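My notes follow in the order I took them.

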Amino acid sequence: MADAPVAFDDRADKSLLIVDDDRPFSTRLARAMESRGYQVRVAESVAEGLAAIESDAPAFAVIDMRLGDGNGLDVIERLKNRRPDARGVILTGYGNIATAVTAVKMGAFDYLAKPADADEIHAALMARPGERATPPENPMSADRVRWEHIQRVYELCGRNVSETARRLNMHRRTLQRILAKRAPR
């Protein structure tokens, strides 16, 4: 008789690597995940994340997409190469379809927009393959999604307002007014 598949909740190895350069966020998340039974290590850069994976590849990882020294996708790719059964979740404040597809192709199990809380992250790490995520209680507003998209294009254009405005087919002054405002909720 075949053994039943082990649920991710019941995995013996609950090692978790958090790679995020936002120290207050990573500290809160580490505490919350430890209370859920994970053995947590924290890295604040791509280099630290890669070193942590080389020394001992974790069963789970929560990785920020944009880090000061590079892209979190490099970390997820290394994790999947070192430990194919690992589950990695990518977090980002600059979410869009293209980066979500890229993250999944590179080995991420899921992709969550910041601010994601510990419950959402834990649910994503424990989800069964093919299981649909529950809709968020407080999804980003359309204004926030628009603002995030503009910020992402602005960053990709090297913070060049004229180039960003051209690519977004928007007047430069309009873009400058949007960039000067705080992010909508």
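**Notes on a predicted model**

I started at Asp22, which lies in the loop between strand S1 (15–19) and helix H1 (23–34). Helices (H or I, at least four residues) and strands (E, at least two) are DSSP runs, numbered from the N terminus. This is a predicted model, where local features need pLDDT of at least 70 and side-chain atom pairs count only at pLDDT 80 or more, while totals for chains, interfaces and linings use all residues. Residues are numbered from 1 along each chain as its sequence is written, and side-chain values use heavy atoms, with hydrogens and water left out.

**Negative patch**

Which residues gather with Asp22 in a patch of negative charge on the surface? I found Asp21, Glu48 and Asp69 there. Patches take residues with over 30% relative accessible area and no salt bridge; like charges are joined within 9 Å, and nonpolar side chains (Val, Leu, Ile, Met, Phe, Trp, Tyr) within 5 Å. A salt bridge is a side-chain nitrogen of Lys or Arg within 4 Å of a carboxyl oxygen of Asp or Glu. Asp22 is partly exposed, with a relative accessible area of 33%. I used buried for under 20%, exposed for over 50% and partly exposed for in between (1.4 Å probe, protein chains only).

**Positive patch**

Next I looked up the positive surface patch, formed by Arg146, Arg172, Arg173, Arg177 and Lys181. Helix H8 (residues 172–180) gives the largest share, three residues. Arg177 lies in this helix, H8, and is exposed, at a relative accessible area of 51%.

**Positive phi**

Most residues other than glycine have a negative phi. I noted Arg159, not a glycine, with a positive phi of about 60°. Arg159 is in the loop between helix H6 (142–156) and helix H7 (161–168) and counts as exposed at 52% relative accessibility. Asn169 lies in the loop between H7 and H8 and is exposed, with a relative accessible area of 75%.

**Glu120**

I checked Glu120 in helix H5 (residues 118–126). Glu120 is partly exposed at 32% relative accessible area. Leaving out residues up to four places away in sequence, Glu120 touches Leu112 and Pro115 (contact means heavy atoms within 4.5 Å).

**Whole chain**

I noted eight helices and seven strands in the chain. Of its 185 residues, 42% are buried. Among contacts between residues at least 6 apart in sequence, 61% join residues at least 24 apart.

Technical notes:
Accessible areas come from the Shrake-Rupley method with a 1.4 Å probe; for residues, only the protein chains shown count as cover. Lys and Arg count as positive and Asp and Glu as negative; His and the chain ends are not counted. The place of a charge is taken as NZ of Lys, CZ of Arg, CG of Asp or CD of Glu.
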